[in-house]
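Welcome! Take a look at the model below, and then let us walk through it together, one topic at a time.

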Amino acid sequence: MPWLESAAFTLLVPAGCSRDPERLAGLAGFTCEMAQRGAGPRDSRQFIEDLEMLGVDGSASVANAHTSLGGAMPAENLYEALAIYADVVRRPHLDECELEDSRLVCLQELRALEDDFAQKVMVELRRRRYPDPYGRSGQGTEEALHSIDLEQIRHYFQTFYRPRGAILGVAGKLDWPRLCAHVERLFGDWTSHPVPEILESRALGGYHHLPHSSSQTHIGVAYPSVPYAHDDYFQARGAVGILSDGMSSRLFTEIREKRGLCYSVYASCHSLHDRGSVVCYAGTTTERAQETLNVLLCELVRLSRGVEQDELDRLKARIKSILIMQQESSMSRSSSIAADWYFLHRVRTLQELGRIVDQLSCDTINRYLASNPPGDFTVVTLGDKPLETSLAVS
Amino acid sequence: MQFREHRLPNGLEIIAECNPDAYSAALGFFVNTGARDESGNLAGVSHFLEHMAFKGTPARSAADVNRELDEIGSHANAFTSEEQTVYYAAVLPEWQRRATAILSDILRPALRDDDFNLEKQVILEEIAKYEDQPPFGAGEKCMALHFRNHPLGHSVLGTNETVTALTPELMRGYFERRYRPNNICLVAAGKVDFAALVADAEQHCGAWPARKVARETPPAPSSTDFQLIHKPSAAQQYVVQIANGPATEDADRFAGGLFATILGDDSGSRFFWELVDTGRAECASMTACEFQRAGVFMTFLCCAPADAAENLSCLERLLAQVEEEGITEAELTRAKSKICSQVVLQSERPSNRLFAVGGNWLARREYRTIRDAVDSYRSVTLHDIHDLLAKYSFRHQTTVAVGPLTRLDSAGGPASSD
């Protein structure tokens, strides 16, 4: 992307929270926090100060499959920033003196979730929709965070911070031969070893209510869909786009515009490596919650009756502008290409995505919906009282 | 990049930062009106009116507006603040003219009674949503307490009571007074066809009648009030503190921005090392917010209720220390590097440039390039920061705390919880 002044990278390390041992939920997050508190020649303070001097707008997070580190910066500083992050994933100090502060930071994040009901509902929804450990979120549990010790962190790091399954996505104004040589120097002698297989349990599914005294009720609904790598993914994505992309989408029109039932409502595709879901959210006042859920479920069921040409035309126009506008941001592009590599082992160019979108038609989407009608709903609500989910067949 | 400007006979200004190499264009109507322009019985009307603009015009129904904005693949939205209401769309360049036509049209909304009553429900839902999520309105409540009767104390959303009491007539009156072309600027950034923009503005907005529009800008009061709002269901304690700071017109606003970064950026700042890195607080940050003829430094703390008193004392100590000893050259250099990098990174998207270009014009009627912004931060000296510290005092802060605590003593005393 030579037209930009910036460069960005996304480094995915196969150390996600699905690898947390059952009694140590939160270990991946704890390890990620510790890894950033001193690595290679830098202590915790020097690490942050050096990133500031390089103008790196960085981030670190733990998802189900990966720990993700990355950032955007002025293009000329990319190489130095990568060297700093190579230390983080290969040579963190994991020092005893940082252990208790790190623990407190992880506990703070967990406690913050207690007040964020919209997020809490979605965390619970994913936990019930997928078999464990694929439905987990990274925050862990208070009990586990209190019990984790330094040996467990070091062991987790040694087992899961490894090159096999790690992906580095880079985008922006960059010099490819120089970048390759640099990455070779930084990561070329990083060694892998086998890791245990993940054993999964059964998904809980069904309806679950989280009681909370409040004027608001938060509603989460999920149902099975295809993962990103599936041939039909864009049919499923197209159908969800008609539900939720833009102000003329079905959920916005039926729930907010026609009935004034709530301020926020959306649906989106969520993908793991080998399975996927559609997840929906609506937040509303308690007395309107039942009607909101009813209309939401009705719209999901109605989707299987097909989509219309004018809806699809609008969706295509929106997707086309999203694809073109991706070229204006190195950060957005670096995270998309890293995700592509994880799901597909290759990167889809924006031209290829454009062709896929052009080929979507009402016929292809409706055929997909006819054989994969929304159903088998997992529902989670949080609020004053449980709702009636007679429409939800689980 | 080329800056262009034009003014219609009725006073509507059109400005653009044209970048022929951009992939997209962003455009927006910046209306110089917001919560600070609402008198007592109008609280929340600016924001409600912003919603009503999308509910249709004499020529378009609400569904038409939504459908047409989607047909051109736009990312369109609007927001209301204390002093601006902005309607914007980011589009591919070929859709600039249709986007201009739709946005111009919704700036003359029909304000139909049925739509008004239905949309009122959505606004009440939005108010309930913000009251139910962190920080539970602490920011707005602290602004209200700090500014008391000053117009900047007005809440953007209004309250359940004020919004319920609003009528279409009151809204129409407000619209007539504030949405005059001489109080509005059409702003564009990115791959913009400026000649077409001017021609379209003439066609769609040329007949809007002008009228004098005024805004009150009294000086900001100084306050040390403290309010504890009991919210037993919250898990964390949320504290917002406000001190006066540079206003939009003040040259020391760049020093103010750097100072807030040094003290309270979310990473690498003094607050961060003392409270966040150590896990004593989930968040401890400071931001500088500028308004016309008034500005504030807003400090935000979120932590376990049991730690709130001690953490507040810690913030107090850090502020007293910086007032006494100032900051170091190394801190200033790092803050400059951080802010300047953010300015450049954010400027890559025309949709971000739109807000910078429009904001500058509305506030000061000036165009500033990305280089101007970077240079303004780069030229701040230690001396400027120390002048800033001499001008504004953190001993006069307004505090609002929301959470499970029933008592909170920031002077190091014990906190109690039920």
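## Where the chains meet

Two residues are said to be in contact if their C-beta atoms, placed from the backbone, lie within 7 Å. By that rule, 47 residues of chain B are in contact with 53 residues of chain A. On the chain B side, the elements that give two or more residues are helix H2 (62–71), strand E5 (85–91), helix H4 (113–131) and helix H12 (329–346); helices (H or I, at least four residues) and strands (E, at least two) are DSSP runs, numbered from the N terminus. That side of chain B divides into 17 nonpolar, 14 polar and 16 charged residues. Here Ala, Val, Leu, Ile, Met, Phe, Trp, Tyr, Cys and Pro count as nonpolar, Asp, Glu, Lys and Arg as charged, and the others, Gly among them, as polar.

A word on the source: this is a predicted model, in which local features need pLDDT of at least 70 and side-chain atom pairs count only at pLDDT 80 or more, while totals for chains, interfaces and linings use all residues. Residues are numbered from 1 along each chain as its sequence is written, and chains are lettered from A and ligands numbered from 1 in the order in which they are written.

## Chain B as a whole

Chain B holds 15 helices and 13 strands. Its radius of gyration, taken over C-alpha atoms, is 23 Å, close to the 22 Å that the globule rule gives for 418 residues, so chain B is as compact as a globular protein of that length. The globule rule is 2.2 Å times the number of residues to the power 0.38. Along the principal axes, the C-alpha atoms of chain B fill a box of roughly 65 × 50 × 35 Å.

## Two domains in chain B

Which domains does the assignment give for chain B? They are domain 1 (2–205) and domain 2 (226–417), with bounds that come from an automatic or database domain assignment. Taken over C-alpha atoms, their centres are separated by 28 Å.

In chain B, 31 residues of domain 1 are in contact with 23 residues of domain 2. H5(B) gives the most to the domain 1 side, with seven residues. By class, that side has 20 nonpolar, seven polar and four charged residues.

## A sheet in chain A

Five strands of chain A form an open sheet with mixed pairing, in the order E5-E9-E6-E8-E7; two strands pair if DSSP finds at least two bridges between them. The edge strands, E5 (207–211) and E7 (264–271) of chain A, each pair on one side only.
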